[in-house]
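Have the structure open while you read.

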Amino acid sequence: MTQSTSHTALITGGSRGLGLALARGLAQLRWNLIIDARGAEALNAARDELARLTSVIAIAGDVTDAAHREALVEAVVKKGGLDALVNSASILGPSPQPSLLEYPLDVLERVYRTNVIAPLALIQALRYQLKPGVCVINITSDAGVEAYEGWGGYGSSKAALEQLSHILAAENPGWRV
Ligand SMILES: NC(=O)c1ccc[n+]([C@@H]2O[C@H](COP(=O)([O-])OP(=O)(O)OC[C@H]3O[C@@H](n4cnc5c(N)ncnc54)[C@H](OP(=O)(O)O)[C@@H]3O)[C@@H](O)[C@H]2O)c1
């Protein structure tokens, strides 16, 4: 990634884990950042830390909520578009994870809404804000490839996100998905 104050990235799930690690890396490069997470306390702590290095907009909310995604789009518009979008926000589902035969379908729907539908919905909402050559990173998992017992809900959601990403790349050759 280039060192630049004119570059902007939106990272979902930026309050901890991989999302925060990526945000820290881009903050070192002085990229403008937009981050989200449901929990405002951890998100604001991340914002305060990152803001020592770069400009940061933190918006608390759930990526499955269309109104929250619209707030993210508005922030991106203010920043003049995106050079990178990282869909890192994700849920595992129940812990311990049930076998597929025992999997509560309402929870499976929530896992799919968060891990598959929301990343695509965000990309759809942001399509006119993605700069040429934008880097779109949808974080998947080895559980989307390997058949681990008990990982059928989360794993199948990540397999769907993986294939969705391949097809988005084929359909949008101007993006780096
Ligand atoms: N950890 C692993 O071993 C591993 C392995 C393979 C792949 N991955 C993938 O890597 C990515 C990051 O994993 P991680 O372990 O670093 O995650 P993590 O520590 O659990 O952090 C997840 C982040 O996403 C946010 N988040 C979760 N659901 C959200 C929602 N509905 N709306 C907005 N934000 C939401 C969380 O904050 P709130 O809870 O406050 O919303 C948090 O900031 C995920 O996509 C995960 O599936 C992780």
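Predicted model: local features only at pLDDT ≥ 70, side-chain atom pairs only at ≥ 80, totals over all residues.

Residues are numbered from 1 along each chain as its sequence is written, and side-chain values use heavy atoms, with hydrogens and water left out.

Which residues of α5 are buried? They are Gly152, Gly153, Tyr154, Gly155, Ser157, Lys158, Leu161, Leu164, Ser165 and Leu168. Buried here means under 20% relative accessible area, exposed means over 50%, and partly exposed is in between (1.4 Å probe, protein chains only). The cover over those buried residues includes α4 (105–126) and β5 (130–138), where contact means heavy atoms within 4.5 Å.

Tyr154 turns up again at the ligand, as one of the closest of the 22 surrounding residues, along with Ser15, Leu18, Arg38 and Gly39; a residue counts if one of its heavy atoms lies within 4 Å. An oxygen atom of the ligand sits 2.7 Å from an N or O atom in the side chain of Arg38. For Ser88, a polar backbone atom is 2.9 Å from a ligand oxygen, while Ser90 brings a side-chain N or O atom to 3.1 Å from a ligand oxygen. Overall, the protein covers 75% of the 880 Å² of accessible area that the ligand has on its own (Shrake-Rupley method, 1.4 Å probe).

Now for the charged pairs. The count comes to 3 salt bridges, each being a side-chain nitrogen of Lys or Arg within 4 Å of a carboxyl oxygen of Asp or Glu.

| Pair | N to O distance |
|---|---|
| Arg24 and Glu49 | 2.6 Å |
| Asp48 and Arg47 | 3.2 Å |
| Asp83 and Lys131 | 2.9 Å |

Arg24 in α1 (residues 17–28) and Glu49 in α2 (residues 40–50) are 25 residues apart, so the pair links distant parts of the chain. Arg24 is partly exposed at 38%, and so is Glu49 at 27%. Asp83 in strand β4 (residues 82–87) and Lys131 in strand β5 are 48 residues apart. Asp83 is buried at 14%, whereas Lys131 is partly exposed at 23%.

Methods
Helix = DSSP H or I, 4+ residues; strand = E, 2+ residues; numbered from the N terminus. Polar contact = N/O pair within 3.5 Å; in protein donor to acceptor, adjacent residues only side chain to side chain.
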